[in-house]
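I opened my notebook to get to know a new structure. Here is what I looked up, in the order I went.

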Amino acid sequence: MSNFTVVEHPLIQHKLSILRRKEVSSKEFRELVDEIGMLMAYEVCRDMPLEDVEIDTPVAHMTAKRLAGKKPVIVPILRAGIGMVDGMNKLMPAARVGFIGMYRDEKTLQPVEYLVKLPTDVDERQVLLVDPMLATGGSAILGVETLKKRGVTNIKFVCLVAAPEGVKAFQVACPDVPIFAAALDDHLNDKGYIVPGLGDAGDRLFGTK
């Protein structure tokens, strides 16, 4: 699938296997999502631009490298996306954080936006839109549309587990936005859950039902 990357780092795959287990507690689940989020950020940021900077080491003067331009923005789709933020922030402590809140309409089953809080200059920054699950693709697509309405052009979508149906829908709606996932699972069931998946990420993160 073009513009779709499965991050196959051994530590990510190992931790994801533990995360999927139904007996994992909410505490362990949060810790694992945090750790995987940090590892995912490492891979997703491989192409961030660099610039030269003059520094002095204890031994000599040198030309070194630092990140160029404004720091990125991490934007979780609430509520489950919040679980990935701290891990990414550990790797990028200077990154800004925005929020997009959504809920699913019980009649239409479509996502409805209820909250948008973003840095005022978000259109000038790289945005990492994060949500643990890419199931039908509805929330992720709406998240991208929300960002684009505010002038954002540099977006990457980061998730843990994706379904082929969601990836296809996202690529049709947002062909210019790359997707990074820890796994591409088999399919969606009749309830819209990813199979084999990991259950409802929000409920497992926060101990709710």
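**Ground rules.** I am working with a predicted model, where local features need pLDDT of at least 70, side-chain atom pairs count only at pLDDT 80 or more, and totals for chains, interfaces and linings use all residues. Residues are numbered from 1 along each chain as its sequence is written, and side-chain values use heavy atoms, with hydrogens and water left out.

**Helix α2.** I checked the span of α2, residues 26–44; helices here are DSSP runs of H or I with at least four residues, and strands are runs of E with at least two, numbered from the N terminus. Its 19 residues at 1.5 Å a residue should span 27 Å, and the end C-alpha atoms are 26 Å apart, which agrees. The expected span is 1.5 Å times one less than the number of residues. Among its buried residues I noted Phe-29, Leu-32, Ile-36 and Met-40 (buried is under 20% relative accessible area, exposed over 50%, partly exposed in between, with a 1.4 Å probe and protein chains only). Their cover includes α1, α3 and β10.

**The largest pocket.** I read a volume of about 930 Å³ for the largest pocket. Of its 28 lining residues, the closest to the centre are Arg-104, Asp-131, Ala-135, Ser-139 and Asp-200. A pocket is an open set of points on a 1 Å grid over the protein atoms alone, where a 1.4 Å probe fits, with protein on both sides within 12 Å along at least five of seven lines; lining residues have an atom within 4 Å of a point. The volume is the space filled by probe spheres set on the points, which are joined across faces, edges and corners.

**UniProt record.** An unreviewed UniProt entry lists Ile-194, Gly-199, Asp-200 and Ala-201 under "binding site". The lining of the largest pocket takes in Ile-194, Gly-199, Asp-200 and Ala-201. I kept in mind that such annotations may be inferred rather than shown by experiment.

**Asp-200.** Where does Asp-200 lie? I found Asp-200 in the loop between β13 and α6, partly exposed at 29% relative accessible area. Asp-200 touches Arg-79 and Tyr-193, not counting residues up to four places away in sequence (contact means heavy atoms within 4.5 Å). A polar atom of its side chain lies 3.0 Å from the backbone nitrogen of Gly-202.

**Ser-139.** I placed Ser-139 in helix α4, where Ser-139 counts as partly exposed at 27% relative accessibility.

Key. Polar contact = N/O pair within 3.5 Å; in protein donor to acceptor, adjacent residues only side chain to side chain.
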